[in-house]
Amino acid sequence: MIEIDNITKIYDSARAVDGVSMTIDTGTITVIVGTSGSGKTTLLRLINRLEEPTSGEVRINGQSTLDVKPHILRRRIGYAIQGHGLFPHHTVARNIGAVPQLLGWSRDKIDARVDELLDLFSMAPQDFRNRYPSELSGGQQQRVGVARALASRPDLILMDEPFGALDPIIRTRAQEDLRRIQQALGSTIILVTHDMEEAIRLGDRVAVMDGGKLVQYATPADIITHPATDFVADMVGDVERPLRLLSLTPLADVIEDGHASGTPLPPDANLRDALSACLWTGRSAVPISDHGKVIGRVTLDAIRARAEVHA
Amino acid sequence: MTAGNLLRLGLLGLLLALVLRPDWFTPLFTPLAPAGGPVIYARSSLLSLSLSHLGLVALASVAATLVAVTLAIFVTRPVGASFLPLSRTITNIGQTFPPVAVLALAVPALGFGSGPTLVALFLYGLLPIFENAITALSTLPPATMEAARGMGLNRWQRLWRVELPLALPVILTGIRLSVVIALGTATIGSTVAARTLGEVIIAGLLTNNTAYVLQGGLIVGLFAVLIYDAMAQLERYLAARMGG
Ligand SMILES: Nc1ncnc2c1ncn2[C@@H]1O[C@H](COP(=O)(O)OP(=O)(O)OP(=O)(O)O)[C@@H](O)[C@H]1O
Ligand SMILES: [Mg+2]
């Protein structure tokens, strides 16, 4: 558990982070979202002490981060910096293996871990292992930056706009990969973005920041249905609200018996996918199939009911 | 083979011939020598003069590099930042002091021979290395430095594994400038009895023998060109590897 306790950072009179308190459960993804300059990066850097707080403190599993030497603390916390920050004079493999090497892992174990991570991020190890960062595309550099943060399997991982430079398709896949990796390892992730869509898709909890203050800290559904301030409502976007809400519900939650025709969807697709499929093909229901076996259907009426509950 | 490599090979061949087989050039230099006088310098072997010349330059440059880079590291740390202006002033003054004056002042303290020359070369070598090292160490990519700190490298690890390797190409440029300056400046060391190729040139000046002057000048010049070129290539290679 990570407790951020009334933390404040003042840069010559500007309050970059202003009295933020939040408790983050182990094994969850917390997404910090806000406009540019709202203090997201500063808050992240206060957690691994790249920045010392003006007041307040952070506790990890009850222990204050101020009681640990900063560089020792940072070796236990993965950090994917905004704009990757790869070492230009080291190969991809050395970049990813940097922290394991600091922690004294054996050569073989590091090599295996590097290949595993490259595979996870869809970069063929034999192609990419020995390249230098200048020989990668922006999106590949960013993925290597994220892989580097994950390399030593830290319990806590901080990510600052890790998917900013990715195109929409790769971005969605990277988000799914991250979800999968996080669930498999049970790591705790704090991720910064300015994209509400990404926050809702990835976050177990979403923290909205505005002008250095934490204005709302809640589940994605709560943020959509009960925005605490006009600013949060603006971030969610009125037009997008029902669609964002639908994207949170998996089909498995509203499946019913009955017949439907056309291409089936998997049960872990969401209501927004089903709505889109209905509208595009003029159907009023879509079949749901799990591993090739049809297990029921989701109707347009059921989808509408879900979206209207909050009217 | 590219035209550049062909030229390099040609110059290297010429240099080796001038140093090892100076007699081959007798027909070429005869018109420049005084009538009936010696054409080719033979008072001591050109090879041993060359080695001694290069040795002095190498020794002074290594010492200047160590001192200048250490100083640059110190003044680019938070603790040393306040010494930056002072150290800049001192190295700049070192540069404005004429080398001949340094030799003259050093002789009473160190006696005739290599000592005063080493001191002069060392002092003249400091500035370019120091300035370049400061520039390199204070303009490292901020995101990379942040990442280095963020992953838990301590100060020493950051310096050795990240800062110095990244600064290396620019520091090497400074070393290259300083080595080339030293190769030329070392010739005047012969006025205080250091064994350098300056001996050939000075002998030529004293006896009105243009052949000697040209012979010594050519050898020093060729060493400078070839060493300059080799170091520039090394820098390019390193900079390319770092995505420059
Ligand atoms: N080292 C610093 N010195 C002075 N002011 C700073 C410093 N770092 C950040 N700030 C200020 O603190 C505020 C918050 O900055 P921060 O980098 O945390 O924003 P952010 O939410 O990450 O923005 P972005 O989305 O653009 O990355 C900004 O107004 C910024 O100008
Ligand atoms: Mg930021």
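In the predicted model, a backbone N or O atom of S38(A) lies 3.2 Å from an oxygen atom of ligand 1, a polar contact being a pair of N or O atoms within 3.5 Å, with the further conditions, within protein, that one atom must be able to donate a hydrogen and the other to accept it and that residues adjacent in sequence count only if both atoms are side-chain atoms. Side chains also take part: an N or O atom in the side chain of T41(A) is 2.6 Å from an oxygen atom of ligand 1, and for the side chain of T42(A) the corresponding distance to an oxygen atom of the ligand is 2.5 Å. On its own ligand 1 has 640 Å² of accessible area, of which the protein covers 60% (Shrake-Rupley method, 1.4 Å probe; for residues, only the protein chains shown count as cover).

Residues are numbered from 1 along each chain as its sequence is written, with chains lettered from A and ligands numbered from 1 in the order in which they are written. Local features need pLDDT of at least 70 and side-chain atom pairs count only at pLDDT 80 or more, whereas totals for chains, interfaces and linings use all residues, and side-chain values use heavy atoms, with hydrogens and water left out.

The shell around ligand 1 (residues with a heavy atom within 4 Å) includes Y11(A), A16(A), Q82(A) and E161(A), together with T35(A), S36(A), G37(A), S38(A), G39(A), K40(A), T41(A) and T42(A). By class, the shell comprises 2 nonpolar, 8 polar and 2 charged residues, where Ala, Val, Leu, Ile, Met, Phe, Trp, Tyr, Cys and Pro count as nonpolar, Asp, Glu, Lys and Arg as charged, and the others, Gly among them, as polar. Helix α1 of chain A (residues 40–47) gives the most to this shell, with 3 residues; helices (H or I, at least four residues) and strands (E, at least two) are DSSP runs numbered from the N terminus.

Chain A contains an open, mixed sheet of 6 strands in the order β6-β7-β8-β3-β9-β10, strands being taken to pair if DSSP finds at least two bridges between them. Its edge strands, each pairing on one side only, are β6 (77–80) and β10 (213–218), and the twist averages 15° from one strand to the next. Within this sheet, strands β3 (residues 29–34) and β9 (residues 205–210) of chain A run parallel and are joined by 5 bridges, with G34(A) opposite M209(A).

A further open sheet of chain A has 4 strands with antiparallel pairing, in the order β2-β1-β4-β5. Because β2 and β5 (63–64) stand at the edges with a single partner strand each, one side of each is left without a neighbour in the sheet. Strands β1 (residues 2–11) and β2 (residues 14–24) of chain A are antiparallel and connected by 7 bridges, and I4(A) stands opposite M22(A). In the hairpin of these strands, which has 2 residues between them, S13(A) takes a positive phi near 80°.

An unreviewed UniProt entry places "domain: ABC transporter" at residues 2–236 of chain A, a span that is 40% helix and 26% strand. For chain B, an unreviewed entry lists "domain: ABC transmembrane type-1" at residues 50–231, over which the chain is 81% helix and 0% strand. UniProt also lists "transmembrane region" at residues 49–75, 164–192 and 212–232 of chain B (unreviewed entry); such positions follow the numbering used here, feature names are shortened, and annotations may be inferred rather than shown by experiment. Residues 49–75 of chain B are 100% helix, with end C-alpha atoms 39 Å apart, and residues 212–232 of chain B are 100% helix with end C-alpha atoms 30 Å apart.

Notes
Axes are lines fitted to C-alpha atoms, for helices over the stretch in contact, and angles run from 0 to 180 degrees between N-to-C directions.
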